[in-house]
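Keep the sequence and the view open side by side.

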Amino acid sequence: MRFAFRRAGFFLLTLWIALTINFLLPRLMPGNPALAMVSKFHGQLNPQALHALEILFGINTQTSLWQQYVTYLHNVFTGNFGTSMSFYPASVRSVIGGAIWWTVGLVGVATVLAFVLGTGLGIVSAWRRGGQLDSVVPPVFVIASAVPYFWVAMVLVLIFGISLHWLPYIGGYNVSSDTPSLSPSYFGDVLSHALLPAAALLITTIGTWILTMRNAMITTLAEDYVRMARAKGLPGRRIMLDYAARNAILPNLTGFAMSLGFVVSGAILIEYVFNYPGVGYMLLQAVSGEDYPLMQALFLLITVAVLVAILIADIATALLDPRTRTAG
Amino acid sequence: MSMPISGVSTAGPAGPAGPEPATGAPAGPAAPPATRALSRMARAVRSNRKATVGAVLLGIFILVGLFPGLIAHDNPNADAYAPRLGISTAHLLGTTAYGQDMFAQVIWGTRNVLIIAFVAGLATTGIAVLVGVAAAYLGGLWDGSLSLFTDVLLVIPIFPLLIVIAAYLHGGTTIVLILVITVTSWSYTARQLRSQALSLRNRDFLAAARVRGERRLYIIVVEVIPTMTSLLVACFLTNALYAVLFASSLQFIGLGDPNTVSWGTMLYWAQNNAALQTGQPMWAIAPGACIAVLGAAFALLNYAFDEIGNPALRSVRRTRVKRAG
């Protein structure tokens with residue numbers, strides 16, 4: 001329990017720091033970027049939206065920095081992120097609401113697949129140490145870890161999208177021939193559009209799972225209780241799964257939570273290559289459109305999502321694995 | 001075969017073989033620990049096939065980056081040729097939609113990537129050394145606050161943060177990219193170095209230095225940091241790899257300086273001109289492959305240094321020594 005509280009405290013602190021970074025960044029930058037943005041959109045905005053922007057970025061206001069900070073925190077916690085510039089007059093909140101499920105679906109499915117496949121491969125490759133799989137997988141991962149995410153995505157587009165015409169590679173569904181509905185054809189369309197981006201994400205993230213699981217397994221296989229299980233003459237499959245893998249998998253989970261930031265950055269770039277209508281693509285659109293309110297909100301959203309995932313992984317590990325509780 | 005795996009000693013050719021004394025032991029030979037560590041690393045690179053491949057690849061890239069004019073005679077920025085030429089002996093990779101020679105762009109682009117890799121890699125490692133070693137050695141409140149700071153930065157996703165900073169700066173020249181990457185990505189290394197320095201803290205040679213009455217700064221700079229040389233090199237390689245990937249990604253999404261000749265910028269222009277769709281795949285494939293190969297060179301080299309610098313491996317050795325004596 002103490003462990004959970006400590007983790008939650010750390011989570012809150014990190015959240016607060018992320019919020020503060022988000023608040024301070026535009027104010028610290030040379031030549032106040034928000035000022036340029038506001039003057040750019042001056043004619044297009046109604047005075048009310050303009051005023052909201054000025055408060056958000058601290059320009060043309062007489063209020064103190066502290067006052068601005070309090071207003072900013074209040075806005076964040078009430079979910080008020082202002083108006084989007086590039087999707088004017090939609091609010092930032094509604095714009096994000098439209099994008100978030102695409103990312104959750106894509107990253108969620110790809111991550112679960114990567115976890116299942118990667119952990120499985122890691123277990124087997126550690127169990128047959130020095131075998132064929134074990135001699136191939138780690139070097140392949142070393143190379144794969146150095147390949148840029150977006151480049152993998154581009155190669156997939158080139159091979160399966162452009163050369164072979166097997167799969168669509170633009171957007172989340174066919175905008176011209178399909179409308180969002182609950183029909184099976186729309187569902188199939190969404191699925192076929194998700195295949196290539198998901199494959200790109202899977203290829204770039206699975207290596208971490210394989211290697212960390214393999215390493216954890218190798219350490220666990222040297223434990224006395226595994227030797228004991230062998231001495232008892234238990235079947236190998238049972239030792240591998242019930243004795244070694246069960247104990248090795250939880251540290252692996254924590255390790256993955258720490259690398260979640262990389263999964264997110266991969267997803268941003270992959271969505272960009274595929275014009276996939278998720279959060280990452282939208283972030284880059286906000287950047288190129290100088291839509292700072294949207295950009296700020298998306299940065300916060302991504303950061304909070306990663307922090308929550310890490311917190312959940314931490315607490316789950318603590319609940320399931322007594323070793324971490326005593327160590328903490 | 002001989003993979004250096006954290007926490008596990010492998011019987012690889014570059015394993016803890018030979019009569020080396022425990023690192024930094026006070027009764028060591030006359031050579032300073034840093035030099036000894038470096039010569040040990042050189043030996044490891046030679047005896048480990050993967051590391052040799054990595055070193056050779058990196059060497060080739062460095063030569064190309066130093067003397068690009070010897071290989072590619074064209075000016076990489078000049079729109080000197082017909083646009084969208086195919087692959088030929090005159091244009092080994094064809095030309096871009098603007099009529100630039102792609103081969104020249106790839107060759108000249110090497111320099112920019114290498115500068116980012118080495119400067120950002122060194123700077124990141126430097127900050128990490130300062131924070132990590134100071135935290136471990138000063139202890140107490142210093143350790144608490146520095147470690148907390150490190151941990152916070154560690155969980156904040158770096159790449160979105162990089163994007164936001166670069167966006168406010170309206171994209172960046174190479175120097176800005178290096179600065180931004182350095183400021184945001186030192187935390188993981190700092191954590192590694194802190195735990196390594198902590199494990200050194202109570203060793204005899206440091207106690208001896210303290211008894212001699214050496215100043216703290218002297219102990220940190222002359223006694224602690226040199227013993228960590230191999231780990232530092234491994235950290236540098238990792239940081240250089242990530243600097244390459246981050247910088248190329250930022251350049252790719254248009255947050256670099258679009259006039260720089262670099263692989264990431266090539267990919268940006270390729271994406272902007274729909275190079276894949278218009279039958280010019282080389283525009284995107286070639287620079288991406290170069291990033292991947294350079295990254296692989298760093299990653300492969302890292303293997304060898306991981307093996308020597310791995311604190312877990314070292315502790316195995318140390319207990320053996322203790323048991324023998």
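Does L50(A) count as buried, partly exposed or exposed, judged by its C-beta neighbours inside 10 Å? This is a predicted model, and the answer is computed from its atoms. L50(A) has 16 such neighbours. A buried residue needs 20 or more, and an exposed one has 12 or fewer. L50(A) therefore counts as partly exposed. The residue sits in helix α3 of chain A, which runs over residues 47-57. Its C-alpha atom is 7.4 Å from that of V38(A), a residue twelve positions away along the chain.

Of the 328 residues in chain A, 42% are buried. Take the contacts in chain A between residues at least 6 apart in sequence: 72% of them join residues at least 24 apart.

Helix α11 of chain A covers residues 260-274, and helix α13 of chain A covers residues 292-320. Their axes come within 10 Å and cross at roughly 145 degrees. The crossing of α11(A) with α13(A) is right-handed. On the α11(A) side, L260(A), G261(A) and V264(A) make the contact. On the α13(A) side, the residues are I302(A), V306(A), A309(A) and I310(A). By class, six residues of this contact are nonpolar, one is polar and none is charged.

Next, the loops and helix ends of chain A. Two residues have a positive phi without being glycine. Most residues other than glycine have a negative phi. H165(A) has a phi near 55 degrees. It lies in the loop between α7 and α8 of chain A. With 8 other C-beta atoms within 10 Å, H165(A) is exposed. E290(A) has a positive phi of about 50 degrees. This residue lies in the loop between α12 and α13 of chain A. E290(A) has 19 C-beta neighbours inside 10 Å, so it counts as partly exposed.

Helix α4 of chain A, residues 65-77, has 13 residues. At 1.5 Å a residue they should span 18 Å, and the end C-alpha atoms are 18 Å apart, so the two values agree. Just after α4(A), G79(A) takes a positive phi of about 70 degrees.

Turn to chain B. Its helix α4, residues 102-138, has 37 residues. From first C-alpha to last, this helix reaches 53 Å, close to the 54 Å expected at 1.5 Å a residue. At G109(B), α4(B) bends by about 25 degrees. Just after α4(B), G139(B) takes a positive phi of about 65 degrees.

Finally, bring the two chains together. Their contact takes 43 residues from chain A and 40 residues from chain B. On the chain A side, the elements giving two or more residues include α1 (2-28), α8 (184-221) and α12 (279-288). The helix α13(A) gives the most to this side, with seven residues. By class, the chain A side divides into 34 nonpolar, nine polar and no charged residues.

Methods: Residues are numbered from 1 along each chain as its sequence is written. Chains are lettered from A and ligands numbered from 1 in the order in which they are written. This is a predicted model: local features need pLDDT of at least 70, side-chain atom pairs count only at pLDDT 80 or more; totals for chains, interfaces and linings use all residues. Axes are lines fitted to C-alpha atoms, for helices over the stretch in contact, and angles run from 0 to 180 degrees between N-to-C directions. Helices (H or I, at least four residues) and strands (E, at least two) are DSSP runs, numbered from the N terminus. A crossing is left-handed if the near helix is turned anticlockwise from the far one by less than a right angle, and right-handed if clockwise. Two residues are in contact if their C-beta atoms, placed from the backbone, lie within 7 Å. Ala, Val, Leu, Ile, Met, Phe, Trp, Tyr, Cys and Pro count as nonpolar, Asp, Glu, Lys and Arg as charged, and the others, Gly among them, as polar. The expected span of a helix is 1.5 Å times one less than its number of residues. The bend at a residue is the angle between axes fitted to the seven residues ending there and the seven starting there.
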